[in-house]
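Hi,

Here is the structure I promised you.

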Amino acid sequence: MTNPRGRFGIHGGQYIPETLMNAVIELEAAYDHYKDDPEFNAELNDLFANYAGRPSLLYEAKHMTEDLGGAKIYLKREDLNHTGAHKINNVLGQALLAKKMGKTRLIAETGAGQHGVATATVAALLGMECVVFMGIEDTKRQALNVYRMKLLGADVVPVTSGTGTLKDAVSEAMREWTSRIADTHYCLGSVMGPHPFPTIVRDFQAVISKEIKEQLMEKEGRLPDAVIACVGGGSNAIGSFYNFIDDPSVKLIGCEAAGRGIDTFETAATINTGRLGIFHGMKSYFCQDKYGQIAPVYSISAGLDYPGIGPEHAHLHDIGRAEYVPVTDEEAVQAFEYLSRIEGIIPAIESAHAVAYAMKIAPKMDKDQIIVITISGRGDKDVAAIARYRGEDLYD
Amino acid sequence: MTNQPNRIASAFENGKAFVAFITCGDPDLETTGKVVREAVKNGADLIELGIPFSDPTAEGPVIQGANIRALKGGVTTDKIFDFVRELRKDVTIPMVFMTYANVVFSYGTEKFVKICSEIGIDGLILPDVPYEEKADFQPTCKKYGLSLISMIAPTSHDRIAMIAKEAEGFLYIVSSLGVTGERQSITTDVGAIVDVVKKNTDIPCAIGFGISTPDQARTMAQKADGVIVGSAIVKRLDQYGKDASGPVGAYVKSMKDAIKDL
């Protein structure tokens, strides 16, 4: 769906300093060369199967289905991947590509820490240097992941600029990349930033929908009626949607973090509260004030706490192919607790946003309909934060 | 005052040009006005007025700090327009805005650029708009007589000729990798970049990023038509606040004196 120069409809593009232009041009050329290269794909698929543990399970959530009394629910278990989230799919792809390009150092931004952990992990595996930028607020919310990254040999740089969250980590990683390009690849963690990142990250995450399609065909002999995933920048969502975009019978639903509600300022629901803008290398929708100053967004989930959304999602919204719905902190926390009790699966608080919306619509659907929810990550990292949300004095 | 053609060119007619960058509203617009006038009095040839942005990804810590101080002080694009309208009553040297794409785009590019031309702004520098994306802004700038200033970086290599051929106003040569901020030394072969530029265009070249001392300014100005200084000025605003105009004026004088006879 990418137009020349990385446009998705009116969105996307390459709004970056001139200093980085040759780096993204070089990246695009390398990606175009390797994406259909049999040897590269054999190597990547081997890592997917034997390191990340793919394919991930498509699990029939029988208790949840019975309890909600409507559509049959399947969970796409990206939480079972090595490092506990979908992030590893993209990192394996990009790190392998970077290595082929002769880069020896990976830098990355991270919100919840999952992308940082995945990057640190793959850097360790491939013998590359790794520096992860993380908002200072997020280093506090996700202290265990900070230690995990250090354990894996990465340097973690706490970012104090701006709001000290994911957007500032992205800004700082971009600044670092402009100062050191020759040996460094910026391993962007979501389907955002300048072209070609939204395309590259999508392609490496598209394995999620490819597997869902195959697995559901085997189990049910048909397509799902709806695929539901959480959206921050939107990488697990685009990965879950991509191979269904041309199947109009499949509803594609992205769940945005509404924080304390889309009628408050404490929200990160970009499609529902933002407007068209240019930031972090792309044209897309952003939460911003009337003068274009980027809004200090909020969500209980560090991974969805981002004021923008990937350009392909913005386009899918424009053309009405996907629907983007807000889910509040409270709804997500309830879903987090619900899935833990009913299926014995503790989802990431990010993924719990998708579970929450499925809980709303499943009862209204017929029993012969099928919903697939992508559980993008596991919830171990969130347990202490949820306990605090519930008033328990528990720290990592 | 409306736009005059080639006012930017006049900045380069007085020996090597000294371009001074100041963030509007740091710490308040009254101070910005005093600092601009003092810089002009002490030899600045062109003023780059920064419109603050919440997330200035091309800036180092010093100018990031100025952006935060200015926004905290309540400055907005509209207040800056009013301020420039007032400033233009007595400041006649060329002035350009330096800001980020979203500030212009979100305001409405046409509306923004039209107001710029009405208040006497001569050009626009948008560090997150490279050659490939200038179509969003350049035709509108052309319509209203503003120059969209192009940047060339140490990594531009094969792109230099392409950028230079279509450049307007002056070319902003980025001296070093990374973000804005003072540097001990500049290692890029700026002279080689300027040579390629000069083969492709007649418009002047000014070198920015990392220049803070008169010696550095002299070395850089020998290779180009002027130098751009931001962080070293903004640092004085951070240090002296509302009393910064004196120290900035003295600094501008020392810099212009170092390059004017080259």
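One definition before the rest: an axis here is a line fitted to C-alpha atoms, for a helix over the stretch in contact, and angles run from 0 to 180 degrees between N-to-C directions. Bear in mind, too, that this is a predicted model.

With that in hand, take helix H5 (residues 114–126) of chain A, which lies across E5 and strand E6 (129–135) of chain A. H5(A) runs at about 170 degrees to E6(A).

Those two strands belong to an open sheet of four in chain A, ordered E7-E6-E5-E8 with parallel pairing. At its edges sit strand E7 (155–159) and strand E8 (184–186) of chain A, each pairing on one side only. On average, neighbouring strands of this sheet are turned by 20 degrees against each other, direction ignored. As a reminder, strands of a sheet pair through backbone hydrogen bonds, either parallel or antiparallel.

How is strand E5 (residues 105–110) of chain A joined to E8(A)? Three bridges do it, and the two strands run parallel.

Now for the place where the chains meet. Chain B puts 32 residues into the contact and chain A puts in 27 residues. On the chain B side, helix H3 (61–72), helix H5 (101–107) and strand E5 (147–152) each supply at least two residues. H5(B) gives the most, with six residues. By type, the chain B residues that touch chain A split into 16 nonpolar, 11 polar and five charged.

Cheers

Terms used. Residues are numbered from 1 along each chain as its sequence is written. Chains are lettered from A and ligands numbered from 1 in the order in which they are written. This is a predicted model: local features need pLDDT of at least 70, side-chain atom pairs count only at pLDDT 80 or more; totals for chains, interfaces and linings use all residues. Two residues are in contact if their C-beta atoms, placed from the backbone, lie within 7 Å. Ala, Val, Leu, Ile, Met, Phe, Trp, Tyr, Cys and Pro count as nonpolar, Asp, Glu, Lys and Arg as charged, and the others, Gly among them, as polar. Two strands pair if DSSP finds at least two bridges between them.
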